Amino acid sequence: MDPLTHALASYTLKRAAFPRVPRSGTIAMLIAGTIADVDLLSKFAGPSGFLAFYRTYFHSLFAALLLSLVITLLVYLRQRAQTENPLSPLGILAAALAAYILHLLMDLCQSAGVEFFWPFSPRRFALDWLPHLDLWLLGILLAGILLPTLSRLVTEEIGAKSKGPRGRVGASLALATMILYVVLRFILHGNALATLESHSYRGESPRKTAAFPESGSSSRWLGVVETVSALHDVQVDVSPGASFDPDVAVTAYKPEPSPALDAARDTAAARRFLQVARFPKATVEKTPDGFHIILRAFPNSSDADSSLRVHVIIDTDSSGKILSEELAWDPTSQQFWFK
C-alpha cells in the first residue's frame with residue numbers, strides 16, 4: 001500500500017480508537033503506521049538487497065513490537081520535556097502498535113505479501129485482495145477525515161456545540177466502510193479464482209491459479225494460471241453478465257527440463273528469487289559455451305506484483321556446470337523505480 005494511504009489509515013485509527021491521545025500520541029501512531037515502508041529504500045542497495053529487505057524484516061510482527069517500543073521510548077522522553085498532559089508509556093505503546101499492525105494487515109491484503117512471522121519463518125503471505133494503489137480505499141479514508149471537519153466548521157458557524165471527541169464518528173464510519181470494502185474485495189477475488197479454475201487452457205487443466213487486483217476497478221482482475229506445460233495471463237471480469245474466454249489468454253510455454261535448468265534453479269541467486277516469485281518463468285537460450293538462462297516473475301509486463309522487478313541471469317557450460325549467476329533489475333524496473 002502507498003505511504004499516503006497508510007498515513008491516512010493511521011490517523012483515522014487514532015481518531016476512532018484513540019481520540020483523546022495528545023499530539024505526541026498522534027505523532028507516534030503516524031510514525032508507527034508508515035515506518036515499515038522504509039524498506040523501499042533498499043532499492044538503492046541493488047536487486048539483491050532489495051529482495052532481501054523489501055516486505056521482509058520491517059513487515060513482521062517482531063518488527064512491529066520492537067519498533068513500537070523504540071517509538072514509545074522516544075515519544076515518552078520527548079513528552080517529559082513538554083508541558084502537555086503526558087500519555088503513559090503503555091498508552092503510547094498500545095497506540096503505536098495498533099497503527100503498525102494495521103499497516104501490516106493492509107499490506108497482507110496485497111499481492112507483494114509480507115513475511116509476517118520473520119524471523120521464525122521466511123514464508124511470505126499475500127491475499128491478493130487490494131492493489132498497490134487503491135483509489136476507492138483512499139477516498140474512503142479522505143472522506144472519513146475531511147467530511148467531519150467540514151461538518152464541525154458548519155456547526156461552529158451556527159453556534160452549535162459538538163459532542164464527544166472531534167472526528168471520532170466520521171473516523172469510525174470510515175474504518176467500518178473500509179472493512180466492508182475489503183470484505184467485498186475478498187468475495188470478488190474468490191469469484192475470480194472460481195472462474196479461472198473452472199476452465200481449461202490450451203487443452204490443459206489449471207494446476208495453480210491467482211487473481212491479482214487492478215487499481216481502476218474492483219470487478220476486473222489479472223488472472224494467472226499455471227498448467228503442466230505453460231503459464232497463462234488473462235483478464236477476468238466478475239461484474240454481473242460479464243463473459244470469460246480462456247482462449248484470449250497470453251500463453252508462455254515452459255522450457256523442456258534439462259540438467260542445465262535444474263542446476264540453474266539450485267543456485268543461491270535462484271533460490272532467493274524463488275522464495276518470492278509465485279509464478280517463475282524460465283527462458284533457456286543455447287550459447288556457444290553452453291546455456292544462458294533467465295528466471296523472471298510471470299506475468300513480466302504487469303504491475304501485479306511491483307516487488308518483483310528483479311530477475312536472475314545464469315550461464316552454464318554444455319554439461320550444466322554453473323559459470324556465473326546474478327540477480328539483476330528487470331529492464332522494466334528501470335522505468336518503475338528510477339523514472
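Which residue forms a salt bridge with Arg124? The close-ups below start there. The model is predicted.

**Close-up 1. Arg124 forms a salt bridge with Glu115.** The closest N and O atoms of this pair are 4.0 Å apart. Arg124 has a relative accessibility of 17%. Buried means under 20%, so Arg124 counts as buried. Glu115 is buried too, with a relative accessible area of 7%. Side chains of opposite charge can pair when their charged atoms come close. The count for the structure comes to eight salt bridges.

**Close-up 2. Glu226 and Lys254 meet in a salt bridge.** Their side chains come to 2.8 Å, N to O. This pair links distant parts of the chain, 28 residues apart. Glu226 lies in strand β2, residues 220-226. Lys254 lies in the loop between β4 (250-253) and α8 (259-265). Glu226 counts as buried at 18% relative accessibility. Lys254 counts as partly exposed at 27%.

**Close-up 3. A salt bridge joins the side chains of Asp330 and Arg296.** The N to O distance is 3.2 Å. Asp330 is buried, with a relative accessible area of 3%. Arg296 counts as partly exposed at 22% relative accessibility.

**Close-up 4. Phe50 and Tyr54 form a stacked aromatic pair.** A search of the whole structure finds eight aromatic pairs. Phe50 and Tyr54 are both buried.

**Close-up 5. Phe53 and Tyr57 form an edge-to-face pair.** Their ring centres are 5.2 Å apart. Their planes meet at 85°, so the pair is edge-to-face. Phe53 is partly exposed, with a relative accessible area of 38%. Tyr57 is also partly exposed, at 29%. Ring pairs link Phe53, Tyr57, Phe62 and Trp118 into a cluster.

**Close-up 6. Arg185 has its charged end over the ring of Trp221.** The distance to the ring centre is 5.3 Å.

**Close-up 7. Lys208 lies over the face of Phe279.** Lys208 is 4.7 Å from the centre of that ring.

Key: Residues are numbered from 1 along each chain as its sequence is written. This is a predicted model: local features need pLDDT of at least 70, side-chain atom pairs count only at pLDDT 80 or more; totals for chains, interfaces and linings use all residues. Side-chain values use heavy atoms; hydrogens and water are left out. Buried means under 20% relative accessible area, exposed over 50%, partly exposed in between (1.4 Å probe, protein chains only). Helices (H or I, at least four residues) and strands (E, at least two) are DSSP runs, numbered from the N terminus. Rings of Phe, Tyr and Trp (its six-membered ring) pair if their centres lie within 6.5 Å; planes under 30 degrees apart count as stacked, over 60 as edge-to-face and the rest as tilted. A charge sits over a ring if NZ of Lys or CZ of Arg is within 6 Å of the ring centre and within 35 degrees of the ring normal.
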